[in-house]
Every structure is written in structure tokens, then in C-alpha cells.
Amino acid sequence: MFLPLVYHDDYSPPFPADHRFPMEKFRLLYEHLLDSGLTTDARLHRPDICPPEVLALAHCPNYIRRFLDGDLGREEQRRLGLPWSEPLARRTVRAVGGSLLAADLALEHGLACHLAGGTHHAHFDHAAGFCIFNDLAVISRYLLEAGKVQRVLVFDCDVHQGDGTARLLADTPEAITVSLHCEKNFPARKAESDWDIPLPMGMGDVDYLQVVDDALNYLLPLYQPDLVLYDAGVDVHKDDALGYLQLTDAGVAERDERVIRHCLGRDIPVVGVIGGGYDKDRAALARRHGILHHSADKVWREMGLGNPPSEL
């Protein structure tokens, strides 16, 4: 069996070419993974649209309705930072459905990755930082309420703090939020995660990887989650336009492999979402995001997760 990967053609709707948010990166990531031979179109899992009642597990129903109807006010639109359109609205709820599907696949197979997701700045009743609905919070609430897990741990390695996730899950003790982020970066006003690990500007591979190891060696045995939601943001990269850390390609790959090995080595399923990444060279950015999927596939094969059980 092949590593479960989730994608949909809705993920890169028509979008202004000069916009700061790289909307085409999802399509370019898909093309990169096909061109590199990691997967084929036929092997990809296609998600359904996330129903409003599932979104409402983490978001205000009135906010959900107004966004889907294109009824956001001017200030709300400014805070979001994305021009509203029907294709964008469809893409948004489809992508949350993709993260839900990836989580179910991870629980079934031990590991799965999404070619989108990680919208950790979205709040209960408003968008922020290019994030409309918080897939990490929606997944956590859905799986807990459905009884599919008893405890979930969000391990957020995006360069920006997962402030929306922290606030949305603050009253859900079964969902542990962990954020490794550059201390001097967006958002200016940080939330309070269960575990915040602020990192100094300019941190490179060696020191960063030590923090990852130390955090997981402590937190995974402490909480023993039934699932880890891993936000593999690549805005920690030295060439990212909005990050202030100094990880190389090799450092990002090692980070992803270590996170997955830490989890699978303790028999904890893990789902990877791509998180943030910003670069005017969109093709280079897509390859950078693809590091997660190549790293996951490498660990998947080495640990034999795709092999059928041997006959006795």
C-alpha cells in the first residue's frame, strides 16, 4: 500500500497573480509530487466538502454562514487578507474536509498527509492571517466528539504561533496544543497554548532539531495521545519571505522525519498538514512543501507500514 495522500483540484482556485498569498502552491505541490514519482493522480484520496455542522464544532454558525454567502464586512475582509469568491469559499470548506479525511486515514493506517491544511490563525468568529476555518481545531473537536480518539496533540511547527488553535481548544483539555514558533513574528499578540516554545530569530538546523527532540521526548510520554496533528509549516526555512529562522532543506526534512519517527515509534498515528510557506518563486515553494510528503514516504517505507501483514 502507498502512503495515503489527500488532495483536490479545488485547492487552487482562480486568484490574483500578484497576491502575497501563494494560492497556486497547492496545485504546484500536486504537480511536483506527481513529477517526482512519489504518487500518481489515481492514488490520491479526494475529500468531500466539510459540512457546516462539523465546522460549527469550532466556529460560530453565523460566521460560517456569512463567509459562505460572501457577506463579510470590510474590516473582516481586511483581516482575512484574501479576496472572497465562490471558488475560494468552496476551496476553504473542501480543504477542511481534506484534513478530516487525512486524520481518518492516519487513524486507519498510522500515517497520512494532506497537500493543504494548517490554517491555525482562524478564530471562533473571524478570519485572520489568510486562515478562514481552523482545520486543526475542527479535526480535534470532531474526532473527540465522535469518540474516535480520547486525546489528540497538535504539534505546530509553523514559524508563526498557532494562536487561533490555542484559543479555540483552550477549553478542551483532551486536545493539547503545542506551538514551536519564532518569538518575534506574527501574531504580535500571542495566545496561550498548552505548551508554547518560542524560538529566537536566526535559529538554525542543529538547535532547532534539538528542541523538536526534547519537546517530543517529553510530551508524547506525558500525554500519550491517540493522534498527533502535525503542522509542518515550511516558513521556518531560511529563504521564506515571512519567517525569521534559518533552517535548510535538509533541516526541514530531518525535522519532518523526526516528528514522524517519534510518533510512530510510540505507536501514535500522525497526520501531516503543510502549514505556511511564502516565496515569490512558487515552484521552489512547492518543492519545499513537498519535503513533508517525501519525508513521510521515506519513514512509511522504512517502517514497513505499507506492507501487508505476513501470513502465519
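Where does Phe-130 lie? Phe-130 sits in the loop between β2 and α6, and we'll come back to it below. First, some ground rules. This is a predicted model, in which local features need pLDDT of at least 70 and side-chain atom pairs count only at pLDDT 80 or more, while totals for chains, interfaces and linings use all residues. Residues are numbered from 1 along each chain as its sequence is written, and side-chain values use heavy atoms, leaving out hydrogens and water.

**The sheet**

Helices (H or I, at least four residues) and strands (E, at least two) are DSSP runs, numbered from the N terminus. Seven strands form an open sheet in the order β1-β2-β7-β6-β3-β4-β5, with parallel pairing. Two strands pair if DSSP finds at least two bridges between them. At the edges you'll find β1 (5–6) and β5 (195–199), each pairing on one side only.

| Strands | Sense | Bridges |
|---|---|---|
| β3 and β4 | parallel | five bridges |
| β3 and β6 | parallel | five bridges |
| β6 and β7 | parallel | four bridges |

To put residues on those pairings, Val-154 stands opposite Thr-177 in β4. Val-152 has Leu-227 of β6 as its bridge partner, and Leu-229 faces Val-271 in β7.

So how enclosed is β6? Five of the five residues of β6 are buried, so the strand is largely enclosed by the rest of the structure. (Buried means under 20% relative accessible area, exposed over 50%, and partly exposed in between, with a 1.4 Å probe and protein chains only.) In a regular strand the side chains alternate between the two faces of the sheet. In β6, Leu-227, Leu-229 and Asp-231 are on one side and Val-228 and Tyr-230 on the other, and all are buried.

Contact here means heavy atoms within 4.5 Å. Axes are lines fitted to C-alpha atoms, for helices over the stretch in contact, and angles run from 0 to 180 degrees between N-to-C directions. α8 and α9 pack at an angle of about 10°, with their axes 10 Å apart. Residues making the contact include Tyr-208, Leu-209 and Val-212 of α8 and Arg-255, Arg-258 and Val-259 of α9.

**Helix α6 and its ends**

Helix α6 (residues 135–145) is mostly covered, with nine of its 11 residues buried; among them are Leu-136, Val-138 and Ile-139. Asn-134 caps the N-terminal end, where a side-chain oxygen lies 3.2 Å from the backbone nitrogen of Leu-136. A polar contact is a pair of N or O atoms within 3.5 Å; within protein, one must be able to donate a hydrogen and the other to accept it, and residues adjacent in sequence count only if both atoms are side-chain atoms. Just after α6, Gly-147 takes a positive phi of about 75°.

At 13% relative accessibility, Phe-130 counts as buried. Gln-224 also isn't a glycine, yet has a positive phi of about 50°. Gln-224 lies in the loop between α8 and β6 and is exposed, with a relative accessible area of 58%. Finally, a cis peptide bond joins Phe-186 and Pro-187, with omega about -5°; Pro-187 is in the loop between β4 and β5.
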